[in-house]
Amino acid sequence: MTKLTLGSHPYMLGFEQLERMLERSAKSGNEGYPPFNIEQTSENSYRITLAVAGFAEDDLSITVEDRQLVIRGRQGDDADNRIYLHRGIAARQFQRSFVLADGVEVGEAIMENGLLHVDLTRAQPEPMVQKIKINKG
């Protein structure tokens, strides 16, 4: 018995990339830091919100790499200037990745009250009918 995958299904042609994206997202870190929400703000838009208290705008970077939204945070270490009696707030770095479907574009990013909001929009493809000419062999 053979394993049936999206790429090997006889009626689903060209979905190998989708299968690779699913595998990549399953391998991404399941670490819970920083916590985040994903909300649908309209029929064709979404908002990802990450709790990034303690991070400044310069400590964060947002990139799109190979249809993957990557949000990184790295705080500078200011321990040289301070003497801590107790250090309960760690300067922790993070990386969060979100796989984007074709047609999903990253809009603006807004920092507000320790929350980073990243807006996404999905373009609606135009329905298309294409007539294919049959040639004689």
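Biologist: What makes strand 2 and strand 7 a pair?

Modeller: Two strands pair if DSSP finds at least two bridges between them. Strand 2 (residues 45-51) and strand 7 (residues 115-122) are joined by 7 bridges and run antiparallel, so by that definition they are paired. Leu-50 stands opposite Leu-116 in strand 7. This is a predicted model: local features need pLDDT of at least 70, side-chain atom pairs count only at pLDDT 80 or more, and totals for chains, interfaces and linings use all residues. Residues are numbered from 1 along each chain as its sequence is written, and side-chain values use heavy atoms, without hydrogens and water.

Biologist: Why are strand 1 and strand 6 said to stand at the edges?

Modeller: The open sheet has 4 strands in the order 1-2-7-6, with antiparallel pairing. Strand 1 (36-42) and strand 6 (104-112) each have a single partner strand, so one side of each lacks a neighbour in the sheet. On average, neighbouring strands of this sheet are turned by 20 degrees against each other, direction ignored; the axes are lines fitted to C-alpha atoms, and angles run from 0 to 180 degrees between N-to-C directions.

Biologist: Which pattern does the protein follow along the sequence?

Modeller: The pattern is α-β-β-β-β-β-β-β, with 1 helix and 7 strands. Helices (H or I, at least four residues) and strands (E, at least two) are DSSP runs, numbered from the N terminus.

Biologist: What share of the residues is buried?

Modeller: Of the 137 residues, 19% are buried, that is, under 20% relative accessible area with a 1.4 Å probe, protein chains only.

Methods: Buried means under 20% relative accessible area, exposed over 50%, partly exposed in between (1.4 Å probe, protein chains only).
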